[in-house]
Amino acid sequence: MAVHPTTIAVDDPHAGAHGSHDHGGDHPPHLKHYFISSEQQFDAAKLGMWLFLVTEILLFGGMFVAYGIYRSMYPELFVEASTQLNTVMGGINTLVLLASSLTVAWAIRCAQTDNQRGLFWNLVATVCLAGVFMVIKYFEYTHKFHLGIFPGSHYTFFAEGTPFTLPGVEAAAEHGGGHHIPEGELPLTNQRAGLFFSIYYVMTGIHGIHVLIGMIAISTLAVKAWKGKYSSAWYTPVENVGLYWHVVDIIWIFLFPLMYLIS
Amino acid sequence: MSTVATAPARTEPVQRAYPPGHEPVHNYLHEPGPGPDVHGFQRFWEIFKSWATTVDHKRIGVMYLFTISIFFAVAGIAALGVRAELLAPGSQFLTADQYNKLFTFHGVVMVFLFIIPSIPASLGNFILPIQLGAKDVAFPKLNLMSYYLFLTGASIALYAIFSGGIDTGWTFYTPYSDTTNTAVLPMTMAVFVAGFATILTGINFIVTIHKMRAPGLTWNRLPLFIWALYAVSIVQILATPVIGITMVLLALERFIGIGIFDPALGGDPVLFQHFFWFYSHPAVYIMILPAFGVISELMGTFSRQKVFGYRAIALSSVAIAMLGFMVWGHHMFVSGQSPLSSIVFSVITFLIGVPSGIKILNWVATMYKGSVWLATPMLFALAFLFLFTIGGLTGIMVGAIGVDIHLHDTYFVVAHFHYVMMGGTVFAMVGALFYWWPKMFGRMMSETWGRISAVVMFFGFNMTFFTQFILGSQGMPRRYFTYLPQYQDLHVVSTIGSWFLALGLLMVLGNMIWSLFRGKPAPGNPWGAATLEWTHTTSPPDHHNFHRTPLVTHGPYDYDVLFSGDGAGGDGAGGVRIAGQPAPIPDPEVGGPQEMEKSVDQGTSQPDSALD
Amino acid sequence: MAENLHDTSAADPADHGHHGHHILSPGLLLKVIGSLAFLTLLTVAIGLMERKGIIHLGGFTVPVALGIAGIKATLVAMFFMGLKYDNKVNALAFSLSIVFLSIFFIFTFLDTGFRDTFDDWSATPIDEQELEELRLQERDQELQPAIEAQPLVLPGDTALLGTPPTP
């Protein structure tokens, strides 16, 4: 049997000053000492990000399951309540988010081709598009609050003579009764309307929080890109935040038809 | 990806101050830390700072071990209190309300703060990168963050428990949890935050296993402990987000009344149970799968034989992880779910028995015609085999719908899951501690007292919980403060058993503390194991784990290659080397503490004695 | 589960099998965003037409809407997120999340969608249930003397457990 070498020389961990990890030589500055190559470090970071995205999908997935179960239980509720959502605003928001996905993808392309100006301006454009999304969302929300369309027990936008059999809903409706209904608005006649809007507010609300987090992350990237921190040699944060942003987009791609386009 | 040290030919020999095998060891327990000239409070402060801000996976593992041990002790004392109260019907020294809070405290702390992080976060964190031949996990800072998130979650949970307590049980079932006045809101937040810690550990492990294996360490050569941790991490990543969103929905329900689970507002409370158990049943596998990994290691090492059916054991871990997601409804047979789903869930529950049985049969086959060395870790592994088999088979019994409707919420179920959780996970964890303690702290624990404690724990455990099978089948309901007089004799037996169990655990604790100060310095490979943490590094390991990245040329249980004259012979380049010296080869035929101590005396231990 | 059980080395190209970082061309990026915008308008058009009664998809409403959304999500994942050119492990992780989400939904739906199967107890009016309850209580009272005459613990049990039978 051949002799097995059981150790091979790669590098001496104690070659540098002990306790500090800035090894000299051919190690690029961003390469952590416990990785062997930039490629390994990039792959590891990316796989880690994908696994995190898996947890994000299952987090939203729980809410999609609740949505699916209740839609199968009360189909007529979903058809009626969906008419309260503004399809035009929702559609514009979909296009806005898709455009922001494009700018992020383009930003990564710029980083890969060492186009510093392009990277910066694409990131700025992404933050602006996300801002437009949030402003439109704000108008949608405030309009509903104005009508008394709140989640769960706070929902009061019922038509006259809506039949109540659920004790919790009836108490809430009486408590918030006498609400003024503006011209041209159609109040709902289904006593479970609050349930639909609970799901709507929780799903779009948690999605909105993710958009806000994404805006903060992308703004940070933009500042660092302005300082020229990223290049084709190292742009892992841009890549990973980009992946996160695309998942936020994908979730909205499903939310839009499921919430706004029910018939 | 060509730069992962593919061949020695690529690199010129590096100029070193020390010849190979004679490098100074930077003991991770002391370095980084203050120099010898720092004294007094300054010294204490610098040691504390170097531990609190460490990103070294070994130190984080030790910190986790220390923290969860405290939770285990506290929750264990609560269990002793519960057992003492049940010595006789009626009130002994607790009121009914205090009793309810005490067993809720025991359950919540044991489940969320001890068992779920137990083996993966402490031993897994310590051992996994070394077994892979890596210098650290893939994301060391996330690893530290995970520890602090766990501490934060634990603090919130303790705040919830002590600020009035919580009376929903650990399951938080709606609609009661919507309406009770106890501290449900902080508890949901605690579970949410602790869940983040679990997710970060899971991501870290999977990425490390995929991307940071040493050259030559193929999937077929991964130690089975790694395979088990891989399966566990998959479960953690897929299941934990769902408990996160469930807790958010429950908190919003209490906070603003969204009513998704509230029947008064048109919601469905059974849907909450689906959400809860979609996480919490896989969480049972988060608790037991790492124990399976430990047992595989122990069976191989102490039978001095290649683990039988390596691939079957590895893939059955993954199979259990996957099937575990499709059986949660067996907790809900009496909840009013549809009979169709009860039948489907029951059938798939039986299927889980297949991969579990594969494991047990393979472990037994590993011992067959091996040279079984009955050292302390092996005694715990054998106890595990016995206890887990009982726990698993009774699990099949309560997985049958008709039987479950009779036994639901009786002591039978209590006994069943204690046989799995305590008899399975805790026995495996204590065995693993005896096994890896020399590696972690560089000191041997006492073999004699270790064996005695194993026997006492085994005896006490069965006395405590086997009686509860009988009590349950006679109809004693769980979570009851008092009981009919005809149950008293068995309750007394069970309580006395719990004292023996506690005595055994105290012996283990005393053994650990004794070993830290008086234990013999451990050689690099006291058990003659063949995985990288034993063959390629010192006890305790260097700050950077290895001086040179190991090159793996054999499987994790190829004892014949490692310890044959052929492998260890030649010019000394092959075979097992510890700090440059050929490793002592324990002879399993006459193996035992005497032989082991002899090899220690021969001066094969590392020059820096640990913990001086 | 592993991406490759048979690779011979951690440094094997199979494990890290991608060919440098793929750079998307501007033409491809524009084609993808064009398709995404078109599909968005298509799904809005279908939704509005159905609401106004111009077309009737019947049971296919949800599958069509989800199908279009699925195509859009696939386009984003394949090109914008680079899964098409990336390490296969990432795609595996992504698809695992979809698989387990489906498991979650299907098994929950097995309960909520089939509650009325086998024994339609939930459809029994509450007053009939109460009458049945009353009937059972009367029967209990009739049988009570017989139950009290019988010890709770039989002599065999006493021998086993040493517990005196207490009525």
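The points below go through a predicted model chain by chain and then take up some local features of chain B.

1. Conventions. Residues are numbered from 1 along each chain as its sequence is written, and chains are lettered from A and ligands numbered from 1 in the order in which they are written. Because the model is predicted, local features need pLDDT of at least 70 and side-chain atom pairs count only at pLDDT 80 or more, while totals for chains, interfaces and linings use all residues.

2. Confidence in chain A. The average pLDDT (the predictor's confidence in each residue, from 0 to 100) of chain A is 86, and 87% of the residues score at least 70. Over residues 1–25 of chain A, pLDDT stays under 50; the model has 49 contacts beyond four places in sequence for this stretch. Two residues are in contact if their C-beta atoms, placed from the backbone, lie within 7 Å. Where pLDDT is low, the predicted coordinates should not be read in detail.

3. Chain A against chain C. This contact takes 35 residues from chain A and 39 residues from chain C. On the chain A side, helix 1 (38–73), helix 3 (87–112) and helix 7 (236–260) each supply at least two residues. Helix 1 of chain A gives the largest share of that side, 14 residues. By class, the side of chain A that touches chain C has 20 nonpolar, eleven polar and four charged residues. Here Ala, Val, Leu, Ile, Met, Phe, Trp, Tyr, Cys and Pro count as nonpolar, Asp, Glu, Lys and Arg as charged, and the others, Gly among them, as polar.

4. Chain C. The chain has five helices and zero strands, in the order α-α-α-α-α from the N terminus on. Helices (H or I, at least four residues) and strands (E, at least two) are DSSP runs, numbered from the N terminus. Of the 167 residues in chain C, 22% are buried. A residue is buried if 20 or more other C-beta atoms lie within 10 Å of its own, exposed if 12 or fewer, and partly exposed in between, with C-beta atoms placed from the backbone. Among contacts in chain C between residues at least 6 apart in sequence, 43% join residues at least 24 apart.

5. Chain B as a whole. Chain B has 20 helices and two strands. Buried residues account for 58% of its 612 residues. Of the contacts in chain B with a separation of 6 or more, 82% are between residues 24 or more positions apart.

6. Helix 9 against helix 12 in chain B. Helix 9 (residues 269–303) and helix 12 (residues 376–399) of chain B pack at an angle of about 125°, their axes 9 Å apart. Helix 9 of chain B is therefore oblique to helix 12 of chain B. Axes are lines fitted to C-alpha atoms, for helices over the stretch in contact, and angles run from 0 to 180 degrees between N-to-C directions. Angles under 35 degrees count as roughly parallel, over 145 as roughly antiparallel, 65 to 115 as roughly perpendicular and the rest as oblique. The crossing of the two helices is left-handed, that is, the near helix is turned anticlockwise from the far one by less than a right angle. From helix 9 of chain B, B:A291, B:I295, B:L298, B:M299 and B:F302 meet B:P377, B:M378, B:A381 and B:F384 of helix 12. This contact has nine nonpolar, no polar and no charged residues.

7. B:S122. This serine is found in helix 4 (residues 118–132) of chain B. B:S122 is buried, because 26 other C-beta atoms lie within 10 Å. Leaving aside neighbours within four places in sequence, B:S122 is in contact with B:G61, B:Y64, B:L65 and B:I68. B:I68 is 54 residues from B:S122 in sequence, yet the C-alpha to C-alpha distance is 8.4 Å.

8. A cis peptide bond joins B:T174 and B:P175, with omega about 0°; B:P175 is in the loop between helix 5 (140–162) and helix 6 (176–179). B:F172 is in the loop between helix 5 and helix 6 as well. B:F172 is not a glycine but has a positive phi of about 55°. With 23 other C-beta atoms within 10 Å, B:F172 is buried.

9. Other backbone points in chain B. B:S539 and B:P540 are joined by a cis peptide bond with omega about -10°, and B:P540 is in the loop between helix 17 (532–535) and helix 18 (559–563). B:R304, in the loop between helix 9 and helix 10 (310–323), has a positive phi near 50°. B:R304 is buried, with 23 other C-beta atoms within 10 Å.
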